[in-house]
Amino acid sequence: MVRNTHRTQNLFSLQIEADMAPFEAGQYTSLGLDVDGQRVAQPYSILSAPGDHPLEFFFYTQPDGQLSARLSQLQTGDRVWVQRQAEGSFTLKQVPAGKSLWLLATGTGVAPFLSMLREGSLWQRFDHVGLVYAVRHWDDIAYSDLIDASREHYGERFSFVPFVSREKVEGCVHGHIPASISNGTLERVAGHTFSPERSQFMLCGNPGMVQDALAALEQRGFTRSSNGNSGHITLEAYW
Ligand SMILES: Cc1cc2nc3c(=O)[nH]c(=O)nc-3n(C[C@H](O)[C@H](O)[C@H](O)COP(=O)(O)OP(=O)(O)OC[C@H]3O[C@@H](n4cnc5c(N)ncnc54)[C@H](O)[C@@H]3O)c2cc1C
C-alpha cells in the first residue's frame, strides 16, 4: 500500500501498487486482508483509470464492518491482497448509444464514474455528460479537483450537480436524487431535459437510491438495460 488519504472521519482513499490484469473503467476488484488467519475480502470499484499506477480506491468506513474499518487503518508499506482480474459489467460497453450520459452516484459510488472521467472515452461517445453526486454533508464531496478539471476542460459538455441531504449548501440541491427525478428538480438545475431518444443513465452506490431512482426513471418511460436488451438505465448497487 502506497498511501492512505483520510478525507473525512469516515471516508478515505487508498493508493495501492499491484500488478493487475488490464481492466475497464467501471469495473471492480476484490481487496482483502488476513484477519486472525482468515482472508477477509470485499469488492471495491477501481477509481484510477485503466493503465494508471498506483491503483486507487475510495472507501466508506463502516464502523463495525469486517473489512473497511481495518483498511482505514492501513499505513504506507502495509500489504493488501488485490485480486488480479477485475470483474463486473458496469462499464461504458454496456451502455447503449445516446447523446447525453447521466452518471448518478451516492457516496463512494462515484468511484467508477471518476475512473470513466479519468479514462476519457465517454467524451467520444456522448455529446454531454452529467455527474450527479449525492452526499450527506458538503465535506463528503471528494475528488473535487478532478471534477473541476472536467468542468474546465469540457465546459458546457459537462454538468456537475452536487446533492447534499443533511445541510443546506448554496449551489447544491438539498435532497435526494430519486425525488429530484420525479419532480423535475434535477433537469431544472442541470439545465437539460431527459428524453428516451437522447439520455442514458448509470446509477451506482446505495441500493435505496439505485432502486428508487430506477423506479422514478421507469415512471418517466425509461427502461433498464439488461442482458443485451438495450434500454436506458445501467446500474450497480454496493450492498
Ligand atoms: C460491485 C461493488 C463495488 C463496491 N465498491 C465499493 C467502493 O468503491 N467503496 C466502498 O466503500 N465500498 C464499495 N463496496 C462495498 C464493499 O464491498 C463493502 O460492502 C463495504 O466496504 C463494507 O464492508 P465491511 O466488511 O467493512 O462491512 P460489512 O460488515 O460487510 O457491512 C456491510 C454494511 O456496510 C454498509 N456499507 C457497505 N458499503 C458501503 C458504502 N460504500 N458506503 C456506505 N455504507 C456502506 C451497508 O450498510 C452494508 O449493509 C462495493 C460493493 C460492491 C458489490
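Please keep in mind that the model is predicted.

I will start with the backbone. The peptide bond between His-53 and Pro-54 is cis, and its omega is near -5°. Pro-54 sits in the loop that joins strand 4, residues 38–45, to strand 5, residues 55–60.

For Asp-36, phi is near 50°. Asp-36 belongs to the loop between strand 3, residues 28–35, and strand 4. Is Asp-36 buried or exposed? Its relative accessibility is 77%, and the cut-off for exposed is over 50%, so Asp-36 counts as exposed.

The other is Tyr-143, with phi near 60°. Tyr-143 is in the loop between strand 8, residues 128–135, and helix 4, residues 144–154. Here the relative accessibility is 5%, and buried means under 20%, so Tyr-143 counts as buried.

Next, helix 7, residues 207–219.

At the start of helix 7, Asn-206 has a side-chain oxygen within 2.7 Å of the backbone nitrogen of Gly-208. Just after the helix, Gly-221 has a positive phi of about 100°.

Which residues of helix 7 are buried? They are Pro-207, Met-209, Val-210, Ala-213, Leu-214, Ala-216 and Leu-217. As background, an α-helix has 3.6 residues a turn, so residues three or four places apart point the same way. The elements covering the buried residues of helix 7 include strand 7 (100–106), helix 5 (177–182), strand 11 (199–205) and strand 12 (233–237).

That leaves the largest pocket. Its space comes to about 1200 Å³. The lining has 41 residues, and those closest to the centre of the pocket are Tyr-60, Thr-108, Asn-206, Tyr-238 and Trp-239. Asn-206 has already come up, at the start of helix 7.

Which element gives the most to the lining of this pocket? Strand 4 does, with four residues. Among the elements that each supply at least two lining residues are strand 5, strand 8, helix 5, helix 7 and strand 12. By type, the lining of the largest pocket divides into 17 nonpolar, 19 polar and five charged residues.

Key
Residues numbered from 1 in each chain as written. Predicted model: local features only at pLDDT ≥ 70, side-chain atom pairs only at ≥ 80, totals over all residues. Heavy atoms only, no water. Buried < 20%, exposed > 50% of the residue type's maximum accessible area, 1.4 Å probe, protein only. Contact = heavy atoms within 4.5 Å. Polar contact = N/O pair within 3.5 Å; in protein donor to acceptor, adjacent residues only side chain to side chain. 1 Å grid on protein atoms, 1.4 Å probe; cavity = no way out; pocket = protein on both sides within 12 Å on 5 of 7 lines; lining within 4 Å. Points joined across faces, edges and corners; volume = space filled by probe spheres on them. Nonpolar A, V, L, I, M, F, W, Y, C, P; charged D, E, K, R; others polar.
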